Every structure is written in structure tokens, then in C-alpha cells.
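Q: I would like to learn how to read a few features of a protein model. Please take them one at a time.

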Amino acid sequence: MTKTLFSTIKLRELTFKNRIFVSPMCQYSSQDGLPGDWHMVHLGSRAVGGAALVMVEATAVSPEGRISPWDSGIWSDIHAEAFKKITTFIKERGAVPAIQLAHAGRKASTDVPWRDDKPLGEEEGGWMPVAPSPIPFSSESPLPRKLEPQEIERLTSRFVEGARRSLNAGFEVLEIHMAHGYLLHEFLSPVSNNRRDLFGGSLDNRVRFPLEVARAVRGVWPERLPLFVRISCTDWVEGAWDLDQSITFCRMLKEEGVDLIDCSSGGMVPDAVIPAGPGFQVPFAASIRKEVGIPTGAVGVITSAVQAEQITATGQADVVLLAREMLRDPYWPLHAAKSLRVDVPWPEQYERGKPGVSG
Ligand SMILES: Cc1cc2nc3c(=O)[nH]c(=O)nc-3n(C[C@H](O)[C@H](O)[C@H](O)COP(=O)(O)O)c2cc1C
């Protein structure tokens with residue numbers, strides 16, 4: 001039986017075997033930004049589990065762009081080299097290796113979540129975060145240092161260098177992180193950006209730097225390979241970044257050659273009231289897909305096969321991205337296929353465990 005969730009999708013010259021993508025998830029398990037055995041096993045098992053795309057966590061384009069000192073990074077060739085083993089394995093499993101390029105902006109320099117992700121001072125191994133404007137994220141956060149225009153230009157080059165290294169490392173999809181209150185989102189939202197120069201004020205000014213990053217990265221990312229952007233479609237606060245601005249921005253991203261919008265939300269203010277529930281961000285993916293005419297990814301509390309099938313079959317989104325459900329079950333795609341009665345191949349090594357196969 002055919003199901004949309006298990007149909008292929010082609011973006012540029014890359015064909016994905018199904019519509020199930022592993023959402024990027026920080027592991028806070030790197031030393032000096034390097035991926036290690038944990039990453040190999042974590043990402044590798046999700047490729048074994050049947051996802052069409054496995055995305056590496058938010059990976060910093062510069063050391064001070066890390067959320068915590070244990071985030072992964074791609075600011076040197078040594079980092080790119082360390083990812084090769086992982087991308088090779090993911091490809092051998094028939095999945096597409098992807099990486100999310102990020103800069104944490106004013107939300108950088110915090111501890112790991114299992115120690116309450118509190119801000120880390122310089123004496124604790126942290127650093128002074130940078131941002132569009134000197135506005136802290138929360139009452140506990142440090143006052144970030146405002147970026148000068150020439151530093152903004154330099155940061156664009158950091159993303160470009162990150163893209164080049166990602167290609168050398170064997171990645172086939174690049175996602176630029178413009179969501180969740182991190183640096184590029186901080187330029188978009190009037191909550192964190194009160195600049196009076198070319199990078200603040202009007203919508204055209206607020207989108208300038210994120211758009212420049214997309215343009216510059218597209219310039220070095222091969223024509224044949226897709227480029228994704230993750231945005232927060234709303235800050236969930238009155239008078240802040242919202243769906244209308246997101247739609248306008250996504251039209252611009254499409255012009256720049258972005259191939260898919262990964263539609264998330266929130267992360268800008270600590271006390272936003274977010275109506276999180278099953279598929280609560282799917283309407284954003286549906287609106288952007290319809291209004292902009294660009295492929296979208298839906299993410300957020302997508303947990304069942306029927307739900308994922310319904311999202312893709314009704315054209316609300318082209319693909320689904322799963323995060324926490326993939327932590328609960330790395331083999332979710334294989335199990336989803338079974339529950340939708342689709343026969344997908346299991347890894348040969350695991351075939352004897354496939355339901356319905358005896359022996
Ligand atoms: C452990 C963990 C780490 C995460 N790290 C990232 C990240 O690196 N980049 C990102 O854009 N989102 C990150 N997220 C958000 C997820 O990608 C996803 O958008 C969110 O969890 C909602 O999807 P879910 O309901 O399927 O978990 C993370 C979520 C979790 C649970």
C-alpha cells in the first residue's frame with residue numbers, strides 16, 4: 001500500500017527515501033566542538049532506524065556561537081574531518097546527512113540543560129555573548145555585547161566557511177538556524193533588535209543580515225544540493241515576530257534559493273505562553289507552504305505514524321521532523337511503516353527481527 005509518508009521526495013538533485021527527518025538535537029557532548037563516539041552512535045542509530053535525513057545538532061560556526069562549551073562546532077578543518085566518519089555511515093545506511101549551522105547570539109555561554117542551562121560566567125568557562133542589541137534574554141542572562149557592522153560582515157563569512165567545511169565533511173543538506181531566539185532570529189525580531197542602523201528598525205533592515213547569510217551560503221553550497229532554513233514562525237508575543245513577517249521573509253529566502261523552510265516557533269522570550277500540543281506548529285508549515293509556494297517541514301509534537309501521514313498526505317507540509325519521539329525510539333520510521341502497513345526494507349543485520357519474518 002502506498003503512503004505519502006513513505007513516498008520519495010526530490011529537492012534539487014537529491015532524492016529522499018521517505019518524508020521522515022530527524023530534527024536537530026543538541027547533545028552537549030562535544031569537547032572543543034568536536035563530534036565524538038556519542039555522536040556516531042546517536043546519529044548512526046537514527047540512520048539505521050530508517051529516517052530519510054539525519055540532521056546534526058546546532059553546530060556553531062565560531063566558538064562563541066555555541067550555546068554551551070559542549071556544543072558541536074565546525075569552525076576548523078579538524079572539525080570537518082571529525083564529521084566524515086559520521087556522514088559516511090549515514091550515507092551507507094541510505095539516509096541523507098544534514099547539518100544545522102548555528103550561532104547562539106545572546107543565548108550563548110550557558111550550562112547544559114541537565115544542570116539547568118544557567119548562564120556561565122568567564123570564570124566558569126563561559127564568555128561574553130554577542131547580539132544585535134545589548135538586551136539580555138532573561139533577568140538571569142548577561143548583558144550581551146552589541147555587534148559592530150564589520151563584525152556582522154565577518155559573521156557572514158563564518159557561516160560561509162562553515163558551509164564549505166560541511167560540504168568537505170560529506171554533508172548533503174545544510175540548514176541555517178534562524179529560529180529559537182539565537183543570533184539570526186535575534187536580528188529578525190524587534191524584541192531583541194532595537195538597532196538604528198541598516199540592521200534594525202524596518203522589516204527590510206531586520207531581515208538584512210539573515211538574508212545575507214542565506215545568500216552567501218547559497219553562493220558556496222552546490223547547485224545540486226538543497227539548502228534549508230529553520231525559522232521561528234512566531235515569538236508567541238504581541239507586537240513581536242509573527243507569521244505575517246515570516247511569510248514575507250520566506251518569500252525573500254525563496255528568491256535566494258532556499259529549498260525548504262523548517263517551521264518551528266518560540267525561543268525568543270522566556271515567559272511566552274505557547275499552546276504546545278500535538279502538531280501545534282503544523283499550521284505554520286501549511287501557511288508558509290501555501291502562501292510562499294515553497295516546500296516546508298512540520299515539527300513539534302509529531303509522535304504517531306497516522307498523524308505524520310495525515311500531515312504529509314493532506315499537503316500541510318512536505319516532510320515531518322521528529323525530535324523527542326526519535327529519542328524514545330530511534331527505529332520510529334521502521335515502526336511507523338509497520339503500523340501504516342508499508343513494507344520497507346530493514347537493515348540486513350536486523351532482518352531476523354523484522355515483524356513477520358520467522359527464524
Ligand atoms: C534534546 C533536544 C535538543 C534540541 N536541539 C536543537 C537544535 O540543536 N536545533 C534546533 O533547531 N532545535 C533543537 N531542538 C528542538 C527540536 O529540533 C524540535 O524542534 C522540538 O523538540 C520539537 O519537536 P518534538 O516535539 O518532536 O520534540 C532540540 C530539542 C531537544 C529535545
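Q: Which backbone atom is 2.9 Å from an oxygen atom of the ligand?
A: A polar contact is a pair of N or O atoms within 3.5 Å. Here a polar backbone atom of A323 lies 2.9 Å from a ligand oxygen. A polar backbone atom of V301 is 2.6 Å from an oxygen of the ligand, and a polar side-chain atom of R324 is also 2.6 Å from a ligand oxygen. The protein buries 80% of the 600 Å² that the ligand exposes when taken alone (Shrake-Rupley method, 1.4 Å probe). This is a predicted model, in which local features need pLDDT of at least 70, side-chain atom pairs count only at 80 or more, and totals for chains, interfaces and linings use all residues. Residues are numbered from 1 along each chain as its sequence is written, and side-chain values use heavy atoms, without hydrogens and water.

Q: How many residues surround the ligand?
A: A residue is near a molecule if one of its heavy atoms lies within 4 Å of it. The ligand is surrounded by 16 residues, and the closest are S23, C26, Q100, V301 and R324.

Q: How is a pair of aromatic rings described?
A: By the distance of the centres and the angle of the planes. Rings of Phe, Tyr and Trp (its six-membered ring) pair if their centres lie within 6.5 Å; planes under 30 degrees apart count as stacked, over 60 as edge-to-face and the rest as tilted. The whole structure holds ten aromatic pairs. F21 and F228 are stacked, because their ring centres are 6.2 Å apart and their planes are at 5 degrees.

Notes. A polar contact is a pair of N or O atoms within 3.5 Å; within protein, one must be able to donate a hydrogen and the other to accept it, and residues adjacent in sequence count only if both atoms are side-chain atoms.
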